[in-house]
Amino acid sequence: MAMKNCFQVSTVSSSARAGFVQSFHSEKFHLPKGLNLPNANLSLSSSSSSLFPHLRSRTRKSAIVSKAAVDEVEAVTDATWETLVVASDVPVLVEFWAPWCGPCRMIAPIINELAKEYAGKFSCLKVNTDDCPNIANKFGIRSIPTVLFFKNGEKKESVIGAVPKATLSSTIEKYIDA
């Protein structure tokens, strides 16, 4: 077999009991013309996937995290914006997010906790910017996650980025009995 446009990586695994007994395992990673690493065709054998378990299960875990995050807090769409946000009797927190956004997945559990803690006093909602770009454009959302706070249908404040729970809690407290 020709070794054109290939390189070889050797990984070392050692037995904890034997201490000095080592075995070498080689994997070939075929690269496209020009050695463009981001587009490399990486095929991992069963033994190498045990060495790199994060490569094997990354997609499955992130899909579970993002689905769980969405199921906790109600989603807002163009059709439900007026009833859920503008006509709400309580102040509203709206997170603008997307399923592919890492920081959005980081902040999702915090938003879920806040929704449970402030149930009845404050409403927590989510807008998927991929599904509802009109709402994001209306409020000038340029980066996600962005959290907007509404009271009596008016936008009061915004917080951009994956911030600590204390930051969001203190902002919510400002609008509960103000």
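**Entry 1: the sheet**

In what order do the 5 strands of the open sheet lie? I went to the pairing for this, keeping in mind that the model is predicted. I read the order as S3-S5-S4-S6-S7, and the pairing is mixed. Strand S3 (74-75) and strand S7 (154-160) are the edge strands, each with pairing on one side only.

**Entry 2: the chain as a whole**

I stepped back to get my bearings. I have 178 residues in the protein chain, and 34% of them count as buried. I find 6 helices and 7 strands, and from the N terminus on they run β-β-α-α-β-α-β-α-β-α-β-β-α. I also looked up the contacts with a separation of 6 or more: residues 24 or more positions apart account for 60% of them. For the accessible surface I note about 11000 Å², with 55% of it belonging to carbon and sulfur atoms.

**Entry 3: pair by pair**

S3 and S5 run parallel and share 2 bridges; here I find Glu74 with Leu125 of S5 as its bridge partner. Next I took S4 and S5, which are also parallel and are joined by 6 bridges. In this pair Trp97 stands opposite Asn128 of S5.

What is the sense of pairing between S4 and S6? This one is antiparallel, over 5 bridges, and I note Leu148 in S6 as the bridge partner of Val94.

**Entry 4: helices on the sheet**

I then checked what packs on the sheet. Helix H4 (residues 102-117) does, touching S4, S5 and S6, and its direction makes about 160° with that of S4. H6 packs on the sheet as well; its contacts are with S4, S6 and S7, and its direction makes about 10° with that of S6. While I was there I looked at the cover of S5: the strand is mostly covered, with 5 of its 6 residues buried.

**Entry 5: the cores**

Which residues touch the most other members of the largest nonpolar core? Out of 20 residues, I list Trp81, Val85, Val94, Phe96, Val127, Phe139 and Phe150. The elements giving two or more residues to this core are helix H3 (81-86), strand S4 (92-97), strand S5 (123-128), helix H5 (133-138) and strand S6 (146-151). S4 has the largest share, at 4 residues. There is a second, separate core of 17 residues, and I can pick out Ile107, Ile110, Tyr118 and Leu168 among them.

I wanted a closer look at Phe150 from the largest core. Setting aside neighbours within four places in sequence, Phe150 is in contact with Trp81, Val85, Pro91, Val92, Val94, Phe139, Lys155 and Lys156.

**Entry 6: a serine in H6**

Last stop is Ser169, which lies in helix H6 (residues 165-176). Is Ser169 buried or exposed? Its relative accessible area is 15%, and the cut-off for buried is under 20%, so Ser169 counts as buried. Leaving aside neighbours within four places in sequence, I find Ser169 in contact with Leu114 and Tyr118. I had already met Tyr118 as one of the residues of the second core.

How values were computed. Residues are numbered from 1 along each chain as its sequence is written. This is a predicted model: local features need pLDDT of at least 70, side-chain atom pairs count only at pLDDT 80 or more; totals for chains, interfaces and linings use all residues. Side-chain values use heavy atoms; hydrogens and water are left out. A nonpolar core is a set of buried Ala, Val, Leu, Ile, Met, Phe, Trp, Tyr and Cys residues joined through side-chain atoms within 4.5 Å. Buried means under 20% relative accessible area, exposed over 50%, partly exposed in between (1.4 Å probe, protein chains only). Contact means heavy atoms within 4.5 Å. Accessible areas come from the Shrake-Rupley method with a 1.4 Å probe; for residues, only the protein chains shown count as cover. Two strands pair if DSSP finds at least two bridges between them. Axes are lines fitted to C-alpha atoms, for helices over the stretch in contact, and angles run from 0 to 180 degrees between N-to-C directions.
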